[in-house]
Amino acid sequence: MKIPSQSRWVPALLVVLGTGACDSSEDDLMRALGDPVLDAFEIRLRGQDAAQYEKVLLGMGQVDVTSFGEPVRFEPSPNARAMDLSNTDHAHLLGRFFLPRYVKQVDITVRLDDVGAFKEDSLAGLINAHAGTIQFSTTRSALEQRSRVVIHLHLKDSLFDGRGEKTLLPSTYIAH
């Protein structure tokens, strides 16, 4: 009788053991590690009142989500680096943050890239977005309505003419 060599049955055993480990959900894994269960919520940005613009290109610089001064995990969307906010039918995904179930309120700060671009009629130029910071607070109960928060940026009221460029001073409202 031949005994199977280790080179044959060890990989098979690893596959069987590995398959069982992959069946665990994130919630089960978090409980096993002793961490709280996390709920995911989205942050989105949508342009409004953009009729005069053919293009308004802005990018996300940084997003900070905190609860009572403590950072909350945030995963940025790679597509948030270049957003055309003149497309008012689309709310661009900035990223997702993950709240432990005991957190009831968060503070969100969205900083846009320092420079953007615009095109209106035959005029095109840069947008000075140094002051493009949006800050607000929201509650878990408001977030749970749709699992997201949408920042509506009113472009008509936010972009001001300067010397060969426009300056962004955000005029927003927040929707859940």
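Predicted model: local features only at pLDDT ≥ 70, side-chain atom pairs only at ≥ 80, totals over all residues.
Residues are numbered from 1 along each chain as its sequence is written, and side-chain values use heavy atoms, with hydrogens and water left out.

**Figure 1. Overview of the protein and its confidence.** The protein averages a pLDDT of 85, and 80% of the residues score at least 70. Over residues 5–17 the pLDDT is below 50, and this stretch has 2 contacts in the model beyond near neighbours in sequence. The secondary structure comprises 4 helices and 15 strands; these are DSSP runs numbered from the N terminus, with helices (H or I) of at least four residues and strands (E) of at least two. Of the 176 residues, 39% count as buried, where buried means under 20% relative accessible area, exposed over 50% and partly exposed in between (1.4 Å probe, protein chains only). Among contacts with a separation of 6 or more, 70% involve residues 24 or more positions apart.

**Figure 2. The largest nonpolar core.** A nonpolar core is a set of buried Ala, Val, Leu, Ile, Met, Phe, Trp, Tyr and Cys residues joined through side-chain atoms within 4.5 Å. The largest one holds 35 residues, of which Ile43, Leu58, Val65, Phe97 and Ile108 touch the most other members. Strands 1, 2, 3 (60–67), 7 (92–100), 8 (105–112), 11 (133–139) and 12 each supply at least two residues of this core. Strand 8 contributes its largest share, 4 residues. Beyond four places in sequence, the contacts of Val65 include Ile43, Phe97 and Ile108, together with Pro71, Val72 and Phe74.

**Figure 3. Surroundings of Leu58.** Leu58 belongs to strand 2 (residues 55–58) and counts as buried because its relative accessibility is 2%. Excluding residues up to four places away in sequence, Leu58 touches Arg81, Ala82, Met83, Leu85, Leu112, Gly116, Ile127, Ala129, Leu153 and Leu168. Its C-alpha atom is separated by 6.8 Å from that of Ala117, 59 residues apart along the chain.

**Figure 4. The aromatic pair Phe41–Phe97.** The structure holds 1 aromatic pair. Rings of Phe, Tyr and Trp (its six-membered ring) pair if their centres lie within 6.5 Å, with planes under 30 degrees apart counted as stacked, over 60 as edge-to-face and the rest as tilted. Phe41 and Phe97 form a tilted pair, with 5.8 Å from centre to centre and 35° between the planes. The pair links distant parts of the chain, Phe41 in strand 1 and Phe97 in strand 7, 56 residues apart. Both Phe41 and Phe97 are buried.

**Figure 5. Strand 12 and its neighbours.** Of the 7 residues of strand 12 (residues 148–154), 6 are buried. Two strands pair if DSSP finds at least two bridges between them. Strand 1 (residues 38–48) and strand 12 run parallel and are joined by 7 bridges; the bridge partner of Glu42 in strand 12 is Arg148. Strand 12 and strand 15 (residues 172–175) run antiparallel and are joined by 4 bridges, with His152 opposite Tyr173. Gln48, found in strand 1, is buried, with a relative accessible area of 18%. Beyond four places in sequence, Gln48 is in contact with Thr88, His152, Leu153, His154, Leu155 and Lys156.

Figure 6. An open sheet of 6 strands has the order 6-2-9-10-14-13, with mixed pairing. Strand 6 (83–84) and strand 13 (159–161) stand at the edges, each with a single partner strand, so one side of each lacks a neighbour in the sheet. Strand 13 and strand 14 (residues 165–168) run antiparallel and are joined by 3 bridges, Leu159 having Leu168 as its bridge partner in strand 14.

Key:
Contact = heavy atoms within 4.5 Å. pLDDT = per-residue confidence, 0-100.
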